Amino acid sequence: MDIDQSYLALDLERDQKSRKIIQVGIAIAYPKQLQSQYWTRQWLLDPGESIESATTTLTGITDADIQARAVPWEVMASELSALIVKHNTFINPITWGSGDSTELLSAIKDRAISFPHFGRRWIDIKTFHVVLMLAQGKSQTGGLRSVMGKHGIPFKGLAHQADIEAANTLRLFFKLLGSHAISESINQSVKAAWTPQRTHKSSH
């Protein structure tokens, strides 16, 4: 593990009905940093419609929050870009599950905003966990909080706040990356799969 490489974790919060993005959150850190030392940032974005009550219940985000604190997409993209450049983060973002980075890039592109980051891939820590559990013959189910618990890491902060979710995703990524648990389990699984089975000659 390169301890001198910084990484960026990304999380999105969406309106529960329209699925429009209403919050972008990131966390940036080096592998050996404490979570209190992470750089975190979140931006509220106006979906152009009222926030569903279910969304407010889940995220705490209200119409009043959007009216008071939402920024234009151009501002979010510019500030996010500046942070990526400043911290020289790894080219691909860390995510819990797939889709957040591609969805954000698509929304930015639809608005004709320049944002030359993230590449064509992302590092999905949820898939990391699933592969690890498959290799160990354990249950693969669970959300971010419960999966962190399985790996001995307490979830810190309020769930469904994009910057907090991103910071916890990054902590789990560093935990798995540093423990070598994934590579060791995969190697054991592959070795077992390729071990020739003994054949028994039949006696006459």
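I am working from a predicted model, in which local features need pLDDT of at least 70 and side-chain atom pairs count only at pLDDT 80 or more, while totals for chains, interfaces and linings use all residues. Residues are numbered from 1 along each chain as its sequence is written, and side-chain values use heavy atoms, with hydrogens and water left out.

I searched the whole structure and found 8 aromatic pairs (rings of Phe, Tyr and Trp, the last by its six-membered ring, with centres within 6.5 Å; planes under 30 degrees apart are stacked, over 60 edge-to-face, the rest tilted). One of them joins Tyr 7 and Phe 90 in a tilted arrangement, 5.5 Å centre to centre with 35 degrees between the planes. I noted that these partners are 83 residues apart, Tyr 7 lying in strand β1 (residues 7-14) and Phe 90 in the loop between α3 (73-87) and β4 (94-95) (helices, H or I, of at least four residues and strands, E, of at least two are DSSP runs, numbered from the N terminus).

I then looked up accessibility: Tyr 7 is buried at 9%, whereas Phe 90 is partly exposed at 31% (buried is under 20% relative accessible area, exposed over 50%, partly exposed in between, with a 1.4 Å probe and protein chains only).

Tyr 7 also pairs edge-to-face with Phe 174, at 5.9 Å and 70 degrees; Phe 174 is in helix α7 (residues 162-179), 167 residues apart from Tyr 7, and is buried at 7%.

I recorded one aromatic cluster formed by Tyr 7, Tyr 38, Phe 90, Phe 128, Phe 173 and Phe 174.
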